[in-house]
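Q: Could we go through the salt bridges and the ligand surroundings of this model?

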Amino acid sequence: MKKSVYIRTFGCQMNNRDSEFIGGVFIDKGYKLVDLPGEAGVILFNTCSVRAHAEERAISSMGQLMHEHKNRIYGIVGCAAQALGEGLFKRLPGLNIVCGTGEITRLPELVKEAENGRVLALEDKDALLPELKPTYRQDKDAAYVSIMRGCDNFCAYCIVPYVRGRERSRSADGIISEIRDLAGQGIRDVTLLGQNVNSYRPKAEGRRSKAYGFVELLCDVNKIDGIEKINFMTSHPKDATGALFKAMKNLDKVRKHLHLPLQSGSDRILKLMQRGYTRGGYFDLISEALAVIPGLRVTTDIIVGFPGEGEEDFGKTRSLMEEMKFDSAYIFKYSPRAGTEAAKMPDDVSLRLKKERHKTLLDLQRSISKGKAHEKTDCCHCT
Ligand code: SAH
Ligand code: SF4
Ligand code: F3S
């Protein structure tokens with residue numbers, strides 16, 4: 001049991017991929033991955049910090065496990081570890097390890113150290129994880145491939161740049177060789193992951209020029225024998241371009257699905273959010289994408305109750321959703337995150353109003369989705 005590890009993941013697909021990576025790191029050190037925490041000597045939660053609810057859920061479930069299973073090594077890993085740091089030892093007195101987003105490669109070492117006392121490892125959130133051969137994959141047919149880490153956008157509400165560090169792109173050679181290996185193992189379906197894939201920009205290498213970016217990477221992945229479907233997430237409206245839409249149309253393996261988070265339909269709120277586009281700009285972008293790519297499915301993310309969101313602002317989000325008729329939309333209630341720009345603004349939309357607006361948009365989207373002939377989306381980047 002000592003050399004067995006249980007990993008539970010919270011948050012986005014990037015975190016899921018990190019958990020797989022962590023699994024691979026432990027397997028390389030002779031550990032076994034187990035599905036039940038009761039069977040594990042090491043219990044790790046790879047956490048999310050994007051909303052308070054995600055953090056609280058992880059902390060309370062770990063507290064419960066600690067109560068049920070004694071004499072294990074417990075670790076909180078990833079974004080909430082990076083955000084909450086040492087404070088987690090106070091919240092969870094039985095906790096042995098707090099390991100930040102850039103230190104996950106060292107986890108087997110940290111487990112050893114934890115036998116002699118608590119371990120805090122948060123130093124290098126800007127680390128570019130080493131190229132590991134795909135030793136462990138959860139799925140036999142489909143795989144996630146991280147093409148970049150971090151984010152430089154600093155949207156006012158968002159904690160990701162603070163917990164995942166500066167945006168850095170993996171080398172195209174590394175990504176292509178990983179996908180070739182995956183194809184060799186029988187994987188047919190790949191999803192390229194990044195917080196803002198459209199700003200993928202690796203350091204110039206070999207025959208690749210400085211102009212090599214996400215569109216060029218898509219073209220290269222499209223050429224890999226054995227791969228049949230290519231998905232990607234997430235795109236940012238300020239960086240999505242006509243060149244991307246043309247590539248999506250022309251590359252036969254690329255799925256005709258664009259996840260393009262809108263967040264708000266009010267220009268005033270978009271500005272406060274520091275999103276870098278307007279309602280009209282977003283509308284034009286989607287219109288262009290739909291004109292270029294026949295049968296395109298468009299999905300989005302929306303936040304209700306951002307500081308200062310009045311009835312008029314909310315009405316603008318609702319009316320834009322009515323116009324756009326997204327295939328699917330994830331609707332979130334604004335959650336203030338310590339350290340972000342928005343956390344300095346008063347969280348002045350009451351919880352009652354946030355819940356009401358959340359329900360209004362959920363109901364609206366349900367009726368729109370029902371009315372559309374498309375199949376249901378399987379893009380779920382937030383759990
Ligand atoms: N990089 C991606 C998404 C990251 S987080 C992007 O830019 O779209 C996924 C979604 O969580 C965001 O699109 C946003 O809608 C939501 N989100 C992020 N921070 C939030 C916060 N503080 N409160 C509520 N929702 C938030
Ligand atoms: Fe957060 Fe904005 Fe970066 Fe997305 S683009 S991860 S919302 S800061
Ligand atoms: Fe959450 Fe971290 Fe992803 S904060 S959304 S797990 S990058």
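This is a predicted model: local features need pLDDT of at least 70, side-chain atom pairs count only at pLDDT 80 or more; totals for chains, interfaces and linings use all residues.

Q: How many salt bridges does the count come to?
A: The count is 26, where a salt bridge is a side-chain nitrogen of Lys or Arg within 4 Å of a carboxyl oxygen of Asp or Glu.

Q: What does Glu 309 meet in a salt bridge?
A: Its partner is Arg 357, at 2.9 Å from N to O. The pair links distant parts of the chain, 48 residues apart, with Glu 309 in a loop and Arg 357 in helix 13 (helices are DSSP runs of H or I, at least four residues, numbered from the N terminus).

Q: And are Glu 309 and Arg 357 buried or exposed?
A: Both Glu 309 and Arg 357 are buried, that is, under 20% relative accessible area, with exposed meaning over 50% and partly exposed in between (1.4 Å probe, protein chains only).

Q: Which residues surround ligand 3?
A: Among them are Cys 12, Asn 15, Arg 164 and Gln 195; the criterion is a heavy atom within 4 Å.

Q: Back to helix 12: how far apart are Lys 316 and Glu 312?
A: Lys 316 and Glu 312 are 4 residues apart in helix 12, so about one helical turn separates them. Their closest N and O atoms are 3.7 Å apart.

Key
Residues are numbered from 1 along each chain as its sequence is written. Chains are lettered from A and ligands numbered from 1 in the order in which they are written. Side-chain values use heavy atoms; hydrogens and water are left out. Helices (H or I, at least four residues) and strands (E, at least two) are DSSP runs, numbered from the N terminus.
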